[in-house]
Amino acid sequence: MTRECAVLLPGVCAALADPRQPGLDDTCLEKLLDWFRSLTWFDPTVELVQDNPCLTELLSSVLALEDPSPGVLSFTLQLAGILASSESRFQHLQQEKLLGRLFGPEGPRGGAAWEDASVRSAWLKGVHSMLHHLPALRCLCSTGGMDVIFTLQGDPSLFVASAASQLLVHMLTFSLESETSKALSAKDCDWPGCAQMIVKHIKESLQSSSAPHIEQSLKLLSSLFGSCFGSCYAAWTEVLWLDIAKQIESFLLEETVQAQPLLATLLLNVARSPAFCGTEGSFWALVTSALEHLTPVQAGPLAVGLLKLCKCPQDVRIQALTVLLQPMDCILRAASQPLECAGLLDESVSDPATVESLLSSKTSCAGLLCQTLTHLEKLLSLKHLRVDLPCVSLLHSLMTILQFCNGFLSPTSPLGSTISRNLINSFRVQKSALDVLAALSEKKECDTLIGNLFDVLLAYLQSPNTSPTVLKKTFQATSKWLVHLQELSSSNSQWPQTEKILEDVLVVLQKRLCSPCWEVRDSSLEFLTSMVKCLRDQKEFRQCLLSSEVLRLTENLLEDPESYVRASAVTAVGHLAPIACFAPESPVTGNQYNKESIVAKLQEILSTDSEGFPRRAVISIFTKWLREGCTGQLEDTEHFVSRVIQTVKHDLDWEVRLGGLELVEVFCSQTICQLSQCPYAPVSSAVPSSTPQKELLQVFCQAKLFGFLFGSLCDCDKPVGQRACDVLVGLRGHFYPMSTLENPQEIEDSPAGRGIAWLQRTLRQGSLAQNFPVDGDVGVDFQDPESMMLALGAIDLLELHDELNKSSDHVEESPQSLLQDILAAVGTIEDNEVDCY
C-alpha cells in the first residue's frame with residue numbers, strides 16, 4: 001500500500017462505519033474490495049492489518065452498530081473474509097475476537113439483517129475468501145457454519161443458493177487437498193473431516209423423503225463432478241460415486257421422483273471424469289439404463305453429451321444416437337405406410353409409444369422436435385463424430401417435417417395426420433429443420449435426394465405463407481445446397497438439372513425482391529450476395545443471372561425507403577458489378593447497368609443518404625473493388641479514391657470515416673507495389689534513383705491523402721485516429737526505411753519546416769480537428785510532396801501512436817483516486833481535491 005493511500009484509508013473506514021453518512025455506491029465498494037483482494041493476494045503477511053489499525057476498527061465499529069445498512073454490512077463481511085485469507089492475518093483477527101462475531105452464531109446470521117439476501121450472499125463470499133488455510137476450515141466446522149451453508153443451499157434467492165453450492169464444492173476440494181495425509185489406496189478409506197461432513201449431508205439428503213433436499217444434493221453432486229474435483233481426484237470421485245450409485249439408480253426407476261431431469265446432467269458430468277475411462281463397469285450400465293428410462297426430452301441432452309465424449313463405449317454411443325434419432329424415425333414412419341419406408345432405426349432404445357405420444361400432443365410435439373433438431377445440428381458440426389449418421393434417411397425425415405409444416409404432405413396414417421396438424425405453420429420447427437438441412441449439405445451421401453430437396457426448398461421460397469424469418473433460413477439452406485449442387489454438376493456433368501434449378505431459384509428471387517415486406521427484400525438481397533460470392537466463377541451461373549431481371553431489380557432497391565434494404569442492395573450491387581459491368585465479356589449493355597452508372601449511384605448514396613448503414617456499405621464495397629482491381633488504371637483509381645475521401649471526411653458516422661481510412665490504406669499499398677521496382681530486377685551498384693519515391697508522393701498528394709490522414713489523427717472517435725496513425729506510420733516506414741528521420745530543429749528555419757513544427761504542436765494538443773491548418777504563415781500544404789516528406793520524417797508519429805492507444809482511463813485509475821472519490825462522496829474533502837476517473 002502506498003503512503004498516500006495509507007493516509008486516506010482511515011477517513012474512508014470512518015465514513016463507512018458512520019451511520020449518519022449516506023450509503024455509498026455499490027460500484028465504489030466493489031472496487032474497494034477488488035483493491036484489497038489484490039493487496040492480500042501479493043502480500044500474505046499480517047502487516048497489512050497491523051500497519052492499518054483502521055481496518056480492524058472498521059470491523060468493530062460496524063459490529064457495534066445497532067442496525068447497520070445491508071450494503072455496509074455486506075461490505076464488512078466480504079472485507080473480513082479477504083483479510084482472513086492468509087493464516088497470519090486470520091490468527092490476528094481471531095485474537096481481536098472479530099471473526100466469530102462476524103461469521104459465528106453471534107454474528108449477523110442470527111439477527112434481522114440476515115433477512116436481506118445481499119447479507120447472506122456476502123456471508124458466503126466472505127467465508128469462501130477465508131477458506132484458504134486449515135485453521136479457517138476447522139473454525140467454520142466447529143462453530144456450526146456447515147449447517148448454515150447446508151441450509152443456504154435451498155435459499156429462495158438463486159444467487160445465494162448458487163453461492164452456497166459453489167462454497168461446498170470449494171470446501172470439499174480444499175479438504176481433500178489439506179487434510180489427506182497420503183494418497184488414496186483403498187476404496188474403503190475414510191473421508192477427511194470436513195469432506196466427511198459434506199458427503200454425509202449429501203447421502204442423507206438423497207435418502208430423505210424431501211424432494212427439495214434431493215434436488216439440492218443432485219445439483220451439488222453435478223457441480224462437484226463438473227468441477228476440478230471430478231478431474232483432479234479420480235480415486236475420490238469413484239469412492240463418492242460408489243456411495244451414491246444405488247440411490248441414483250433408484251431415482252431412475254421411480255417415475256414419481258421429480259428430480260429425474262437433474263439426473264441427465266449428473267450422469268454426463270460423472271461420465272466426463274477420468275475415473276470412468278474404462279469401457280466396463282456398473283457406471284456405463286447405469287448410463288444405458290438412464291437412456292432407457294428418462295423421457296426423450298430428458299435423455300436428449302445426455303445423449304448428445306455422450307456422443308461428444310471420446311471415451312464413451314461404442315455400444316453406449318450407438319444407443320445415445322438412437323435416442324436422438326427416435327423422433328425423426330417416428331416422423332418418417334408416420335408419413336407413409338410401413339412397407340413404403342423402413343425408417344431410420346432397426347430398433348428403439350425406449351418404448352416407441354412414448355415418442356409417438358409426445359409427437360401426438362400439440363403442447364409437446366414442437367418442443368421435442370426443436371430439441372432433437374438442435375442436438376442433431378450440433379453433431380453435424382463436429383469434425384470427428386465416432387458414429388455414422390444415416391444421412392439419407394435423416395434428410396428424408398427433415399423434408400417430411402418441412403412438408404408437414406407447410407401442409408404440402410397429406411399422410412395416410414392416423415399418427416401422421418395428427419403430427420401434421422400439430423406442425424402446421426410451426427415457425428420454430430421450420431427454422432430448426434432448415435438449420436439441420438443446411439448442415440447436411442456437407443454430406444455427399446445425400447446426392448440421390450437432391451432433386452426432391454430442391455422441390456421442398458422452392459416450395460418454401462414460393463409460398464406466400466412462409467414467414468420472413470423462415471424465408472431467411474430457407475435462403476441460407478438453399479445457398480449451401482446450390483454450392484453443393486455446383487460441385488456435383490462439375491464432377492458428374494449433370495448441368496441440365498442444375499441449370500433448371502438455378503433458373504427456378506432466380507425466378508423466385510425476382511418475385512421476392514419485389515415483396516412489400518422489407519425483411520423479405522432484405523433477406524433476398526443477402527441471399528443474392530451469398531450466391532454471387534460462392535458461384536461467381538461458374539460460367540453457367542453468370543449466364544443465368546445476367547439473363548434474368550435480378551440485376552435491374554437489385555439496382556432499383558438502391559432507392560428503397562428502408563435503410564437496411566438500401567445497405568443490402570449496395571452490398572449486392574457491389575458483388576454483382578464485377579461480373580455484370582466491370583468484366584470485359586459482360587453481356588449487359590446500355591445505360592441501365594453499366595460501370596459509370598453504378599459508381600455514380602453509389603457515390604450519391606455515400607454523399608446524400610441520411611442513414612449510416614447504406615453509407616457504410618458503400619465505403620466497404622469501394623474498398624472491395626479497389627482490392628480486386630475493379631477501379632481501372634492508376635490515374636482513374638487516384639481520381640476515384642480522392643473523390644471518395646473528400647466525401648467521407650465530412651461524414652458524421654465514424655465507421656464510414658474508418659472505412660475511408662481502410663480504402664486509403666489499400667490504395668497506398670497497391671500504389672507502392674505498382675510504382676516500386678520489380679523485386680527480381682538486377683540491382684545497380686549506384687545510388688538508386690529517387691524517382692519512384694517522388695512519383696509516389698506526387699500521386700498521394702494529388703489524391704489529397706495526407707490532408708485526410710492528418711485530419712483524422714485528432715478525430716473525436718479514437719478508432720479513426722488510431723487507424724490514421726497506423727497508415728501514416730506505415731508510410732513513414734516506406735519513405736524512411738532506415739530510420740533516417742529528419743531533425744525537427746534543422747528544418748524549422750524553412751517556411752515548410754515552420755508549418756511542420758506547428759503541425760507537430762497542434763497534433764500533440766489534439767486540436768487538429770477543430771483548427772485544421774490552412775495556407776498562410778503557419779499553414780501546411782498537404783498537397784506539396786516536399787512538405788509531406790518533411791512531415792513524415794519530423795513528426796513523432798510513434799509518440800502519437802502510443803498516446804492514441806492508451807485506454808480512456810489511463811489518466812487516473814488508481815486506488816488513491818478511488819479513496820478520494822469515496823471521501824468526496826461523503827463530503828469529507830473539498831471538490832478540488834478529488835481526482836475522479
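1. K704 lies in the loop that links helix 36 (691–702) to helix 37 (705–712). In this predicted model, its phi is positive, about 65°, although K704 is not a glycine. Most residues other than glycine have a negative phi. The relative accessible area of K704 is 35%, so this residue counts as partly exposed.

2. K97 is a second residue to check for its backbone angle. Its phi is near 55°, again a positive value in a residue other than glycine. K97 sits in the loop between helix 6 (87–95) and helix 7 (99–103). Is K97 buried or exposed? With a relative accessible area of 60%, K97 is exposed.

3. The next points concern helix pairs. Two packed helices are described by the angle between their axes and the distance between the axes. For helix 1 (residues 3–17) and helix 43 (residues 815–825), the axes come within 9 Å and cross at roughly 25°. The two helices are therefore roughly parallel to each other, as angles under 35 degrees count as such. The crossing of helix 1 with helix 43 is left-handed.

4. Which residues make the contact between helix 1 and helix 43? Helix 1 contributes E4, C5, L8, L9, G11 and V12, while helix 43 contributes P815, Q816, L819, Q820, I822 and L823. Sorted by class, this contact has eight nonpolar, three polar and one charged residues.

5. Helix 22 (residues 391–406) and helix 25 (residues 450–462) form another pair, with axes that come within 10 Å and cross at roughly 25°. That angle makes helix 22 roughly parallel to helix 25. Their crossing is left-handed.

6. On the helix 22 side, the residues in contact are L395, M399, L402, Q403, C405 and N406; they meet N452, L453, V456 and Y460 of helix 25. By class, the contact of helix 22 with helix 25 has seven nonpolar, three polar and no charged residues.

7. The largest nonpolar core has 277 residues. Within this core, the residues with the most contacts are W123, M171, W241, L306, F700, F706 and F710. Which helix gives the most to the core? Helix 31 (residues 563–582) does, with 11 residues.

8. Leaving aside neighbours within four places in sequence, W241 is in contact with F225, I248, L267, V270, F276, F283 and L286. These residues can be located in the structure by number.

Methods
Residues are numbered from 1 along each chain as its sequence is written. This is a predicted model: local features need pLDDT of at least 70, side-chain atom pairs count only at pLDDT 80 or more; totals for chains, interfaces and linings use all residues. Side-chain values use heavy atoms; hydrogens and water are left out. Axes are lines fitted to C-alpha atoms, for helices over the stretch in contact, and angles run from 0 to 180 degrees between N-to-C directions. Helices (H or I, at least four residues) and strands (E, at least two) are DSSP runs, numbered from the N terminus. Angles under 35 degrees count as roughly parallel, over 145 as roughly antiparallel, 65 to 115 as roughly perpendicular and the rest as oblique. A crossing is left-handed if the near helix is turned anticlockwise from the far one by less than a right angle, and right-handed if clockwise. Contact means heavy atoms within 4.5 Å. Ala, Val, Leu, Ile, Met, Phe, Trp, Tyr, Cys and Pro count as nonpolar, Asp, Glu, Lys and Arg as charged, and the others, Gly among them, as polar. A nonpolar core is a set of buried Ala, Val, Leu, Ile, Met, Phe, Trp, Tyr and Cys residues joined through side-chain atoms within 4.5 Å. Buried means under 20% relative accessible area, exposed over 50%, partly exposed in between (1.4 Å probe, protein chains only).
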